[in-house]
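This briefing covers backbone geometry, the ligand shell and the overall build of one protein–ligand model. The sequence and structure come first, and the notes follow by topic.

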Amino acid sequence: MTAPSFGEKSYWDTRFTKNPSPFDWLLPAAAVPFLSSIKSSLSTAPSSQILHIGCGTSSLSFTLKSLVKSPTDIYNVDFSHIPIEAGRSQDGSMNWKTMDLLSSEQVLEFKGLVSVNDVRGFGLIIDKSTADAIACADDVVVELPYVITAEGIEEKSKTTTNIHPLVILALHMAYLTVPGAKWLIVSYSTSRCSFLTSQNPDDRYVKDDVLEQGFTDPRLLWKVIKEEGLSAREEVSGTDDVVARPVVKHTLYTLERTDFKLVAR
Ligand SMILES: C[S@@+](CC[C@H](N)C(=O)[O-])C[C@H]1O[C@@H](n2cnc3c(N)ncnc32)[C@H](O)[C@@H]1O
C-alpha cells in the first residue's frame, strides 16, 4: 500500500470533496494548551494580523475569532479551494484565500494583496500539521538567485536547483512576517524543525554552494525558541470495542522571526 500524498493538492481536493465536514488534525481546535500558546503569542505580537496556514476544514479558523479584536485580522489560507470557499460562505467576516504556500508567484501576489489592506506583515502564523503535510511534498525547483532573497544579492550566473519544501515554506513565511513574529507549529514529528536547529553540517537542508548562489539560509530567518509536548487522544476507528485510547504526544514548536530582511528581486 502506498502512503497518501499529503503534499499534493489533488490528494486534498479529493479528500475535501469526499468529506467536506469539519475535521481537525492532531488536536481539537479547543485544545487548551495550544489555545493558551496562541493567546500568549498574540499578547506580545508585533502585528495583530494572523496567518492561519493550511487551515483545511479545521474549526480552529472559527475559534481564532474569539481571540482577536477584529475578524479582519485573520487570514485563513489553503491551496485547496474547497475548504476556503466553504469557510468563506460560513463566515465572510474573516479573510479566506486559496494559495499554494510553496509558490513564490502566489506568495508575492498575496503580499501585494494584503498590503492594500495595510498589512505590513503578519505577527503570528498558526500551523497545525501543515508543515507536516508540506514536508511530504516534492522538492521545489527554483532559480538562483531566488526571487525572495537578502538585500543586495548580485546575480553571478543563473542556475536551477532543488530545495526541500520546508525550507521554501520557511522562507516564504519569513517574507510575510515582521521581525519578532511567532510561528506556532503543531506537529506529530519530534524532528520537524531540525532543519533550523541541527548542529550537524550533514543535516543541513541547504548546502553552502546553494547559499553562495543567492539562497538565504533559513536559520538566519527563524529561531526555534521553544519545543513542548502536547498530549492528544489517539483516534481509534473501525471498532466499537475500544479498550484503550492511548495518549499520544505531539510537539508544539514556537519559532521567532529574526530581523533579517528579505526582499523580492
Ligand atoms: C494535515 S492537514 C491540516 C489541516 C488543519 N490545519 C487541521 O489542523 O486540521 C494539512 C493542510 O495543509 C494544506 N496544504 C498542504 N500543502 C499545502 C500548500 N503547499 N499550500 C497550502 N496549503 C497546503 C492541505 O490542503 C490541508 O488542508
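L26 counts as partly exposed because it has 19 C-beta neighbours inside 10 Å; a residue is buried with 20 or more other C-beta atoms within 10 Å of its own, exposed with 12 or fewer, and partly exposed in between, the C-beta atoms being placed from the backbone. The model is predicted: local features need pLDDT of at least 70, side-chain atom pairs count only at pLDDT 80 or more, and totals for chains, interfaces and linings use all residues. Residues are numbered from 1 along each chain as its sequence is written.

**Backbone geometry**

- L26 is not a glycine, yet its phi is positive, at about 65°.
- The loop that holds L26 runs between α1 (9–18) and α2 (32–43); helices (H or I, at least four residues) and strands (E, at least two) are DSSP runs, numbered from the N terminus.
- S129, also not a glycine, has a positive phi of about 65°.
- S129 sits in the loop between β4 (122–128) and α6.
- S129 counts as buried because 22 C-beta neighbours lie inside 10 Å.
- The peptide bond between L144 and P145 is cis, with omega about -10°.
- P145 belongs to the loop between β5 (140–144) and β6 (148–150).

**Ligand shell**

- The ligand is surrounded by 21 residues, of which G54, G56, S58, F79 and K128 are the closest; a residue counts as near if its C-beta atom, placed from the backbone, lies within 6 Å of the molecule.
- Helix α6 (residues 130–134) gives the most to this shell, with 4 residues.
- The shell is made up of 9 nonpolar, 7 polar and 5 charged residues; Ala, Val, Leu, Ile, Met, Phe, Trp, Tyr, Cys and Pro count as nonpolar, Asp, Glu, Lys and Arg as charged, and the others, Gly among them, as polar.

**Overall build**

- The protein chain has 9 helices and 11 strands.
- Its radius of gyration is 18 Å, which agrees with the value near 18 Å for a compact globule of 265 residues; the radius is taken over C-alpha atoms, and the globule rule is 2.2 Å times the number of residues to the power 0.38.
- Along the principal axes, the C-alpha atoms of the protein chain fill a box of roughly 65 × 45 × 35 Å.
- Of the 265 residues, 35% count as buried.
- Among contacts with a separation of 6 or more, 75% link residues 24 or more positions apart; two residues are in contact if their C-beta atoms, placed from the backbone, lie within 7 Å.
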